[in-house]
Amino acid sequence: MKRNSPVTIVDQFVIPHTAFVNAERQIRQCFAFSGDNAEAEGVAIVRESGAGKTTVLDSFRSNYQPTLSKEGWEVPILSATVPPHPTVKSLAGVMLAALKDPDWERGTEHEKSKRLRVLMKGTGTRMVMIDEFQHFYNQDKQKIMYDVADWLKVLIDDTHSVLVVAGLPSCTSVINQNQQLRRRFLAPVQLSRFHWEDLRQRREFMGILKEFNTRISKGYEIPALHTEEMAFRFYCATGGLISLLAKLLRQAVRNAIDGNKSSIDLEDLNTAHLQAIYSSETNRARLKPFESCFPLVQTVDILDRVSKIGTVIEISSSSTRSGFRKTRSESLDAILTTR
């Protein structure tokens, strides 16, 4: 039987769980009624790392791809990722690049801003999607980039575009501290991990595994991934984060292809888990939910350890270049795993 690539099998389909549907509905409504509002609206997608916000943005944007006609480019949705430590000039450049401006790196802050307004109106941009919005908040300096936030607010007002921002929970600080920006936003849409203790969320997590099972079983003999026992193993391996679930299964399929195997069993899933999911724990200490001896019991200790997968941990360094001791929060799991 011909084997498809891991990307085709695992990644190239969307599983519309409840949080995903709610987020996409909010974006779709704002886009559809954007011309009816006297004031530009905003939607904030707030999520944990790995909870699937990129999939939400990509899924909606795929319906409104840029098109080239005799009149030039039409770009209904301008999508950009905020660079670290953004300035007005750097963010304007990123947005110009998204609008196919060949000279996006050239010009002063004022020149780029003026060119961006002209291009947005000329390409029929109706929505601006800004990813990694938490970069508007400088965590090291505990400082919000007020000038960049104000510039973005004015840009959205001038072009009468819907603003969709997505980022880690710290991105809400940017909105909360800017009264005029906050006034334009609807209630934030939360994308979080699945929780096993919540029966509804557990069933939904099992439903997602059933979809993956349907896809993977077309090319490989596998155990039923969506039974409660197997679902608990996957939950303990991924912390209920969709991106980690996809990453684990992608690695399992990749290993099967590389080994020319026609089946994926529990031992294969254990190998894929240890290879694909970064853990700050030692290999000896970490949970190994796909081992046959793993206790399939919802103990307080297991659930507590699982809830920390992908979360922020403290990193301390004895000194920085300037010679001062510094402690900062980073998510190693977030940095080293696919969002």
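Biologist: What percentage of the residues in the protein chain is buried?

Modeller: Buried residues make up 45% of the 339 residues; buried means under 20% relative accessible area, exposed over 50%, and partly exposed in between, with a 1.4 Å probe and protein chains only. This is a predicted model, in which local features need pLDDT of at least 70 and side-chain atom pairs count only at pLDDT 80 or more, while totals for chains, interfaces and linings use all residues. Residues are numbered from 1 along each chain as its sequence is written, and side-chain values use heavy atoms, with hydrogens and water left out.

Biologist: How many helices and strands are there?

Modeller: The protein chain has 14 helices and 11 strands. These are DSSP runs numbered from the N terminus: helices are H or I with at least four residues, strands E with at least two.

Biologist: Turning to β1, how many of its residues are buried?

Modeller: Six of the six residues in β1 (residues 42-47) are buried. Gly 42, Ala 44 and Val 46 point one way, whereas Val 43, Ile 45 and Arg 47 point the other way.

Biologist: Which strands does it pair with, then?

Modeller: β1 runs parallel to β8 (residues 162-167), joined by five bridges, and parallel to β9 (residues 189-191), joined by three. Two strands pair if DSSP finds at least two bridges between them. Val 43 stands opposite Val 164 in β8, and Arg 47 is opposite Leu 191 in β9.

Biologist: Now the largest nonpolar core: which residues touch the most other members?

Modeller: Phe 234, Ile 264 and Leu 269 do, in a core of 40 residues. Such a core is a set of buried Ala, Val, Leu, Ile, Met, Phe, Trp, Tyr and Cys residues joined through side-chain atoms within 4.5 Å.

Biologist: And which helix gives the most to this core?

Modeller: α11 does, with nine residues. A second, separate core of 34 residues includes Ala 40, Val 46, Trp 151 and Ile 156.

Biologist: Which residues of α12 are buried?

Modeller: In α12 (residues 266-276), the buried residues are Asp 268, Leu 269, Asn 270, Ala 272, His 273 and Ala 276. Their cover includes α10 (228-238) and α11 (242-258).

Biologist: What does the side chain of Asp 265 reach at the start of that helix?

Modeller: A side-chain oxygen of Asp 265 comes within 3.2 Å of the backbone nitrogen of Glu 267.

Key
Contact = heavy atoms within 4.5 Å. Polar contact = N/O pair within 3.5 Å; in protein donor to acceptor, adjacent residues only side chain to side chain.
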